[in-house]
Amino acid sequence: MKACVIGAGSSGIAAAKALHQRGIPFDCFEKSDRVGGNWVFKNANGMSSAYRSLHINTSRERMAYSDFPMPESYPRFPHHTHIAAYFDAYVDHFGLRSKITFRTAVEHAAPERGGWRVQLDTGEERRYDALLVANGHHWDPRWPEPAFAGTDEFAGVQMHSHHYTGEDGAFFRDKRVVVLGMGNSAMDIAVEASFSAARVFLAARRGAYVLPKYVFGRPLDQIATTPKVPFKLRQKVAAGLLRASVGDMERYGLPKPDHAILEAHPTVSDDVLSRIAHGEITPKPNIARLTERTVAFADGSEEQADIVVYCTGYRVTFPFFDPGFVSAPDNDLPLFRRVFHPDVDRLYFIALLQPLGATMPIAEAQSEWVCDHLTGRYALPPRAEMLAGIERERAAMRRRYVASKRHTMQVDYDDYLFDLRRERRRGLRRTGR
């Protein structure tokens, strides 16, 4: 048995560590020159979405791997440089660095004779028994679809948030800036621009709840986290905390969300509402069209603009697979518990999900689960049962979340880990051990 791990970001190194500790031979291929993936600012492969001022929006305790806590010297919400250093320390602590092949990409992977044929960008081909995909899903920018009318006429700068680095302190200076989006990157970039730009407009395609990082002196993501509390009760608690700490979004001129709290991926920012309240950021509805020098909005207003930043998310893509084999049209790839493909043996996806919480502990748990399967300590249910489980999860997700390409693989951090532990026990019983 030998496995191939694609990627050495936060998920790939968790997979590598699990395989290493279980004694399963593997190769891990990383396109860049460092571990850490998206958290390596300006990484060598150009795929990182990090910008100079980026901090995590989950607390360090919730983000850390279970057996390797972040240093207490770190801030409660660390900077991206802390996170990248943490991943380096993790790899060295568990002796994984020599098992990762850097500056080497998997060009193509396909099933062959009960295993996998993997072609590297060096031209070399190798064969493996299992393939663990950990290539991330925040590196292939998704631009507005369809493009706004007048996009080709606009004389200013148009860019996706993926390409914003924040290195040039004069980039926004005295410019009129439109930021499209209501996610975390949109809030961070709008706030950053507001300190030097002539005007900043925050355009929203739909309303969102903006949550603070702290409530009553505690990180919000550490309050009411147990899966034993019913979702509706957690939702009421979250709504109460939001009313007490922030109030209604409409008070700030933002659109009223068309959903209840926790029914869309949350936006976390301690700064954007303050900048709006001080008049440094002006909320606007969705963009309607662009002209050579202006941006027109859905409410009929029109503003001069020099820069438009599209914070419109990412596409889920697997450049090493033939599209007809495995792909995620509209970011949708149905998987059993977000890991197992129901029709392809020994193909595993690590952290191909969007949690209400941090990804790293989930990647760690998924990797242990995959190792259970590879070593015969976990047996999958029959295919029909897997498909029924996939459909139940998808139906529940559609009932709860706003319909969008952002909510095709959403999970609750604590609920997911709780269910995964139960499924691992069920799978062990299925083996007859």
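I count Ala, Val, Leu, Ile, Met, Phe, Trp, Tyr, Cys and Pro as nonpolar, Asp, Glu, Lys and Arg as charged, and the others, Gly among them, as polar. I also note at the start that this is a predicted model.

**Entry 1: the second largest pocket**

With those classes in hand I looked up the lining of the second largest pocket, and I find 9 nonpolar, 2 polar and 12 charged residues there. The lining is made by 23 residues, and Glu393, Ala396, Gln410, Val411 and Asp419 are the ones that lie nearest the centre of the pocket. I then asked which elements give two or more residues to this lining, and they are α8 (383-400), β22 (410-412) and α9 (413-431). The largest share comes from α8, which supplies 8 residues. For the space inside the second largest pocket I noted a volume of about 600 Å³.

**Entry 2: α7 against α9**

Helix α7 (residues 360-374) packs with α9 at an angle of about 10°, and I read their axes as 11 Å apart. Angles under 35 degrees count as roughly parallel, and therefore I describe α7 as roughly parallel to α9. I recorded the crossing of these two helices, α7 and α9, as left-handed. On the α7 side the contact is made by Pro361, Ile362, Ala365, Gln366, Glu368, Trp369 and Asp372, while α9 brings Tyr413, Tyr416, Leu417, Leu420, Glu423 and Arg424. Sorted by class, the residues of this contact of α7 with α9 are 8 nonpolar, 1 polar and 4 charged.

**Entry 3: α1 against α7**

I stayed with α7 and turned to helix α1 (residues 10-22): the axes of α1 and α7 come within 8 Å and cross at roughly 40°. The crossing of α1 and α7 is right-handed. From α1 I listed Ser10, Ser11, Ala14, Ala15, Lys17, Ala18, Leu19 and Arg22 as making the contact, and from α7 I listed Met360, Ala363, Glu364, Ser367, Glu368, Cys371, Asp372 and Leu374. The contact of α1 with α7 has 8 nonpolar, 3 polar and 5 charged residues.

Terms used:
Residues are numbered from 1 along each chain as its sequence is written. This is a predicted model: local features need pLDDT of at least 70, side-chain atom pairs count only at pLDDT 80 or more; totals for chains, interfaces and linings use all residues. Side-chain values use heavy atoms; hydrogens and water are left out. On a 1 Å grid over the protein atoms alone, a cavity is a set of points where a 1.4 Å probe fits but cannot get out, and a pocket is an open set with protein on both sides within 12 Å along at least five of seven lines; lining residues have an atom within 4 Å of a point. Grid points are joined across faces, edges and corners, and a volume is the space filled by probe spheres set on the points. Helices (H or I, at least four residues) and strands (E, at least two) are DSSP runs, numbered from the N terminus. Axes are lines fitted to C-alpha atoms, for helices over the stretch in contact, and angles run from 0 to 180 degrees between N-to-C directions. Angles under 35 degrees count as roughly parallel, over 145 as roughly antiparallel, 65 to 115 as roughly perpendicular and the rest as oblique. A crossing is left-handed if the near helix is turned anticlockwise from the far one by less than a right angle, and right-handed if clockwise. Contact means heavy atoms within 4.5 Å.
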